[in-house]
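Colleague: Could you walk me through this one? I'd like to start with a hairpin and then move on to other parts.

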Amino acid sequence: MMLGGAAFALFPVLLPSSTDPALSLTVENAATGSFAMTAALRWWPIAFVLVAVTFVHLYRTFRGKIVGGGEGHY
Amino acid sequence: MDSALLVHRLHFAFTVTFHYLFPQLTMGLAPMIVILKLLALRHPDARYAQAARLLARLFAINFVFGVVTGIPMEFQFGTNWARFSKFAGGVIGQTLAMEGMFAFFLESSFLGLFLFGEKRLSPRAHLASAFAVFAGSWLSGYFIVATDAWMQHPVGYALAANGSVQLSSLSALLCNSWAFWQYVHTMGGALVTGAFATAGLGAYYLLRKRSDDDARASAALLRVGLIAAGVASLCQLFPSGDRQGQLIARHQPATLAAMEGLFTTRAGAALVLIGQPDTEEGRIDNTLEVPGVLSALTHKRWNASVTGLDQIPRDARPDNVALLYYSYHVMVGLGTFFILITGLALLWLWRGRLERSRALLWTLVLAVPFPYVANTAGWMTAELGRQPWLVYGLMRTSAGTSARVSAGNGLFSLIGFMGLYSVLAIAFLLLMSRVISRGVSGDAQHQPTTQLAERAIDSRAAE
Amino acid sequence: MTTLWFLLVAIMLVAYIVFDGFDLGVGAIYKLAARTPEERAAVRRSIGPIWDANEVWLLAAGGTLYFAFPELYASSFSGFYLPLMLVLWLLIGRALGLELRSHADDPLLGEVCDTIFMLSSLLLPVFLGAALGNVIRGVPLDGDATFFLPLWTDFRPGPHPGVLDWYTVICGVVALIAIATHGANYLTLRTTGEVNRRARGIARAGSLLLPVGTAVSLAATIAVRPTVLENFRAHPAGFLIPAAVVASLVVMALAARRGRERTAFAA
């Protein structure tokens, strides 16, 4: 949440310059080419969905309280 | 070479060489496990399943070390090679991001399922999870190789106004002709590592003859590993090694000349088998050569002219010809040895005498470290051969480092990594030897022995 | 398009903090929450299967950052060279401490692993928070858009700052409190008995400390970089974010008191 606030506050500057504000890195001057950005939109969302699904599954498998006490793995 | 450049090169070289020791076993063992599980489905007795389980225990430990040493690699493009990242990030950022998103998640999430789901999944489902881990690891292998292939043979890019390269075609990047054969050859190398490890394990257990070692499971390990090792070693020579050589001959003539120690251009060039290159004098001392073979291999004609280093301007030659020459010859020498030893062992296996031949079994056990050497030598050949270029023809290595990171700072972190990795190496060897010494059946109480083991306890508890 | 990718990168980073945050938090309070070997084992098991997957978010976020904003990636990673190397070593230390622990038959070796695990997990949020502080405070970028910061100079965020100055240290400490509280909340969800009780206590303390810390860091931020408020003034809708922060802090504190573990964790 706080990270989001910071991101919002700084935007579009990504990394401000303390010597000369004009030299700051912004979203524009630090970005990659527009072709690359558009190209990535073809596969990135698919990957992200896969990631989200596997994560949800992983967490659901391991929810619940830990059964106390060791079981010989230590 | 100025000291900062040297430090940054050593920094990357050291960390990536150490890191790659682990993924090559990961990618090599994964298909072994799949094969053993397939065999287990078709044969009722437990030997294949036991063999697969042993490999899985080793796989789990190896995997964690691979991940832990792999994280610094992604960071290092930025920390030590910032100018390179600024220049080429627009292109290789794609493949690296793909690796991070797709392959890692696939491996990590199915790994737990595979390692501990055996009792809860049907044999087929368990095999499927093993296959998913194999596919994930080989997929991340492709993206990394595609990245290096682009550096060796840039495609699909356009020069941007600010001096960087930008992506112009994603399909060109992913289907780089260099990438295909480099991938096959790299994966083949990993397979050699995994197969020799498998065969070596089987041979070790057969030699050890402990009462609680299942002899049939050990024999299964030996057989499956040996056949895979034989096939993989042969394919490394032909077609993948040969095809890689052809690509180098066509697109990187300076590299070929240096690799082969060809100082002077000549027709009907001989293949040097052994010999020490003397770069100052421009010759090789005490050689053993086979006349005409180099021309035949590279240009398909006995009297074809092969470009020597004399025709390459000094600043376009690899900066360490001798090391490149040795890396290449060590790799090929070992590769030849692998073909010979697997050939001999397979012949003995066919005649039913392998399990009683202590000499051959010992050789197989002692051979286990050598694929690691060969793989490392191979990568050194590729990367030293690419010099003086970082991106072939587009950016020199000397222009790619982080300009603002001094040699002193680089040395600080290099020493830190060396110390940390020494500890990791000892921990790894201790852990692996513990698992191996417990034998094929393993101690029933100490099944896969990493934190991933917790999944078994807790997933059962959650039921 | 660039804005879109900025958002996506931010989402990835937030995901990393949320997920790896709680297992780092668990590690940070490890010895506080668990005293006996069984308790420690239980705590380790609570994050055992998932810490590795959580950490992959870091790689995915880094990869996405590299591809979308290569100049930022190159500049910031080489400029923050020293702290990044330390972060890498701490990540390795955390992983090693945790994974080796299950193999440590010798209790002394177990202690060593535990300590490495806890220290690494504790220092990582401090560095991550300090990193954010550095980004806000600004760095001496030159005409080449490069910079290099030593770890510290005189601890003042003036024209020659180090990575650590009083402002970034505040950010680091606040981050540690936040992440430790996050981890404690997670433990209350996953454990029972004594560990649960202690974790609850830590969470409660954290949920009170955190608003204080947040207020301090906010004041410090405005002092160090007054322009921070401009975007908020230009887009008043942005005030929703700090409002949400305040709301979640309140919810967390209330939930902790009343033992509503899941709500506390979500906040």
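Modeller: In the hairpin formed by E4(B) and E5(B), with 4 residues between the strands, B:Gly282 has a positive phi near 75°. This is a predicted model, where local features need pLDDT of at least 70, side-chain atom pairs count only at pLDDT 80 or more, and totals for chains, interfaces and linings use all residues. Residues are numbered from 1 along each chain as its sequence is written, with chains lettered from A and ligands numbered from 1 in the order in which they are written.

Colleague: In which sense do strands E4 and E5 of chain B pair?

Modeller: E4 (residues 271–278) and E5 (residues 283–290) of chain B pair in the antiparallel sense over 6 bridges, strands being DSSP runs (E, at least two residues; helices are H or I, at least four) numbered from the N terminus, and pairing requiring at least two DSSP bridges. B:Ile274 stands opposite B:Leu288 of E5(B).

Colleague: Switching to chain C, why does C:Ile179 count as buried?

Modeller: C:Ile179, which lies in H8 (residues 166–190) of chain C, counts as buried because it has 29 C-beta neighbours inside 10 Å; the term requires 20 or more other C-beta atoms within 10 Å, with exposed meaning 12 or fewer, partly exposed in between, and C-beta atoms placed from the backbone.

Colleague: And which residues is it in contact with, neighbours within four places aside?

Modeller: C:Ile179 is then in contact (C-beta atoms, placed from the backbone, within 7 Å) with C:Gly21, C:Leu24, C:Gly25, C:Ala28 and C:Pro125.

Colleague: How many residues of helix H3 of chain C are buried?

Modeller: In H3 (residues 37–47) of chain C, 8 of the 11 residues are buried, among them C:Val43 and C:Ile47.

Notes: Two residues are in contact if their C-beta atoms, placed from the backbone, lie within 7 Å.
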